[in-house]
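Reader: Hi, I'm new to this one. Can you put it up and walk me through it?

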Amino acid sequence: MNIKTICNENLSSQHNSNQLRLVRSEPPALPDAETARVAVIGLGYVGLPLICGFSKNSRSIGFDVNKEKVNELSNGIDHTGEVTAAELLSADAMFTTDPAELEQADVIVVCVPTPVNARNQPDYSALLSASRMIGQNMKKGSVVVFESTVDPGTTEERCLPIIEEVSGFRESVDFYLGYSPERINPGDPTRKLTDIKKIVAGTTPYVTEFLVDLYSRVVEAGLFPAANIKVAEAAKILENTQRDVNIALMNQMMTLYDKMGIRATDVIAAASSKWNFHHYRPGLVGGHCIAVDPYYLIDAGRRHGLPMDLIVAARATNEATPYFMVEKLEEMFEQNQTSIQNKRILVLGRTFKEDCPDTRNSKTFKMMDYLWTRGAEVFNFDPIAEDDHFEGGRGTTFIGDPLDAGEFDAIIVTLSHSVFYEQFDLPTLESLTKRKAPLIDMRGMFDCEAVEDHFNYWRP
Ligand SMILES: NC(=O)c1ccc[n+]([C@@H]2O[C@H](COP(=O)([O-])OP(=O)(O)OC[C@H]3O[C@@H](n4cnc5c(N)ncnc54)[C@H](O)[C@@H]3O)[C@@H](O)[C@H]2O)c1
């Protein structure tokens, strides 16, 4: 079906000499998916790869409220590590803080943050303000696509009414609406935007089909047309919540196995030998997605009178993991007939996940705060952390080289950046502490037998 030729028949009413007369109005044709000029709102981990991809066919517009970011991007500087400087500089894109530029766009893609507030309630402020801005600046005939992770219903029930009210336009009459959740995996060089199948959904099958064609410009792995926008929204949030719940199970089992004197990593390795065992590992769950999106579902459940017990319990379990790690360390000091008081603790890693520079909502900060309140002197080293948001870490000293910071009394390795394997071979690691110093290795980076010679070693 050629989507460009499709026009829905719409009936609108008009008064004429006190008589209600029905007249036929034709909505604008959908843009040409191949050449449509795309504007991306929100140039972060999600928006940036998109704008680089879309700019290959036509000059794109990148809008962000952050002036510093826009200046940096215009100069080829990106702190997310998701695109290279060469890709950025060669992209046929203009970066701007001027919302009026959105009028030039055939398609507007929204990639703004959807975090939670201090009470873990959904914070839609960026999404709603972006919707208002779109309403003020969009042209007739454009297609608005939301990519931000939301609770099902948000795009049509919260964003759309704002766009319609502000613009005076009507969806499917003057413009079109779609949703396509982003599934990128920051820090993973093997799964980039183009390698991940993308879900798309529009308000009508024609819009969905348009989105399939549009996103084929940037995604090679294929498109999945979802039944409707709400299904597409729900699919994304389910993916992340499933991950949170499964990691919570591993974190809970880690605490039980520890009491039993066995290692969760050994148990998982053995259980993984069965074809249908799902491989998840214990650890800190932070970041902008997995540790946030389940709260959107918890809030949705509340509105529908459902307590969402499993998700609530999973969140609580994962939020307790930083405390478990500190208590484990205290126990290890006790085994050495000493306490954590005034001990110099080196924490390796502070980003929320391996090989990703993002520190947003990293639970390492929570763990370091707790170490500090227990009387320890905390030092942190993370050569990957670049897009740094210091959320906590009170009393922590951030160091540029652990080999240059004096001797430590214990080490906690929170995650296994690839670069740590190069930087910390066993002799280097051993040189950082005296013998029998506690070493907590959350990712099982080190061979148990080899390190146990020098360290009081623990891993899940
Ligand atoms: N990071 C991920 O791995 C990932 C993966 C899948 C989905 N998502 C979802 O995608 C969305 C964006 O996430 P992200 O990681 O790219 O966020 P980000 O913080 O990296 O980038 C968001 C950008 O939006 C800008 N912004 C904020 N408010 C704005 C506004 N009102 N108008 C215009 N720009 C605004 C910010 O300055 C920032 O540059 C979120 O809903 C997130 O849950 C993220």
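**Contacts, helices and ligand**

Reader: What share of the contacts join residues at least 24 apart?

Author: Among contacts between residues at least 6 apart in sequence, 73% join residues at least 24 apart. Two residues are in contact if their C-beta atoms, placed from the backbone, lie within 7 Å. This is a predicted model: local features need pLDDT of at least 70, side-chain atom pairs count only at pLDDT 80 or more, and totals for chains, interfaces and linings use all residues. Numbering starts from 1 along each chain as its sequence is written.

Reader: How many of the residues count as buried?

Author: 45% of the 460 residues. Buried means 20 or more other C-beta atoms within 10 Å of the residue's own, with C-beta atoms placed from the backbone.

Reader: At what angle do helix 7 and helix 9 pack?

Author: About 105°, with axes 8 Å apart. Helix 7 covers residues 229-260 and helix 9 covers residues 293-303. The two are therefore roughly perpendicular (65 to 115 degrees).

Reader: Which residues of helix 7 and helix 9 make the contact?

Author: Helix 7 gives Ile-237, Asn-240, Thr-241 and Asp-244. Helix 9 gives Asp-293, Pro-294, Tyr-296 and Leu-297.

Reader: New topic. How many residues surround the ligand?

Author: 28, and the closest are Gly-42, Gly-44, Val-46, Ala-126 and Ser-148.

Conventions. A residue is buried if 20 or more other C-beta atoms lie within 10 Å of its own, exposed if 12 or fewer, and partly exposed in between; C-beta atoms are placed from the backbone. Axes are lines fitted to C-alpha atoms, for helices over the stretch in contact, and angles run from 0 to 180 degrees between N-to-C directions. Helices (H or I, at least four residues) and strands (E, at least two) are DSSP runs, numbered from the N terminus. Angles under 35 degrees count as roughly parallel, over 145 as roughly antiparallel, 65 to 115 as roughly perpendicular and the rest as oblique. A residue is near a molecule or strand if its C-beta atom, placed from the backbone, lies within 6 Å of it.
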